[in-house]
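Visitor: I am new here and would like a short tour. Could you walk me through what there is to see?

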Amino acid sequence: MIRSIQAAQHLDSRGQPTFQVDLTTDKGTFRATVPSGASTGANEATELRDKHSSAYGSKGVQKAVSNIELVIGPALVQSGLKVDTHQK
């Protein structure tokens, strides 16, 4: 079961702001980082950047971090979703 989800802004290997997420379950804490994308194909995810901020030349991701912390994370925790940590 998911216990908590925390997100933070950090810089990827190219120095671009992106975010990482720590997911805590009954089995432990797992971390995922999301590299900044360079592709702009029709099936690519849209980046959510802090366009009106002076931080990182308006390329910060604090709005995305807030969405994870305040909307997505709490909804997943409240859902009671069970996580299968066994890979096939």
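Guide: Let us begin with a definition: a salt bridge is a side-chain nitrogen of Lys or Arg within 4 Å of a carboxyl oxygen of Asp or Glu. This is a predicted model, in which local features need pLDDT of at least 70, side-chain atom pairs count only at pLDDT 80 or more, and totals for chains, interfaces and linings use all residues. Residues are numbered from 1 along each chain as its sequence is written, and side-chain values use heavy atoms, with hydrogens and water left out.

Visitor: How far apart are N and O in the salt bridge of D12 and R14?

Guide: Side chains of opposite charge can pair when their charged atoms come close. D12 is buried, at a relative accessible area of 13%, while R14 is partly exposed at 48%. Here buried means under 20% relative accessible area, exposed over 50%, and partly exposed in between (1.4 Å probe, protein chains only). The N to O distance between the two side chains is 3.8 Å.

Visitor: Which residue forms a salt bridge with R3?

Guide: R3 is partly exposed, with 47% relative accessibility. In its salt bridge the closest N and O atoms are 2.7 Å apart, and the partner is D26. R3 lies in strand β1 (residues 2–11) and its partner in the loop between β2 (17–25) and β3 (28–34), so parts 23 residues apart in sequence are tied together by R3 and D26. Strands (E, at least two residues) and helices (H or I, at least four) are DSSP runs, numbered from the N terminus.

Visitor: What covers the buried residues of α1?

Guide: The buried residues in α1 are A64, V65, I68 and G73. Contact here means heavy atoms within 4.5 Å. What covers these residues includes β1 and β2.
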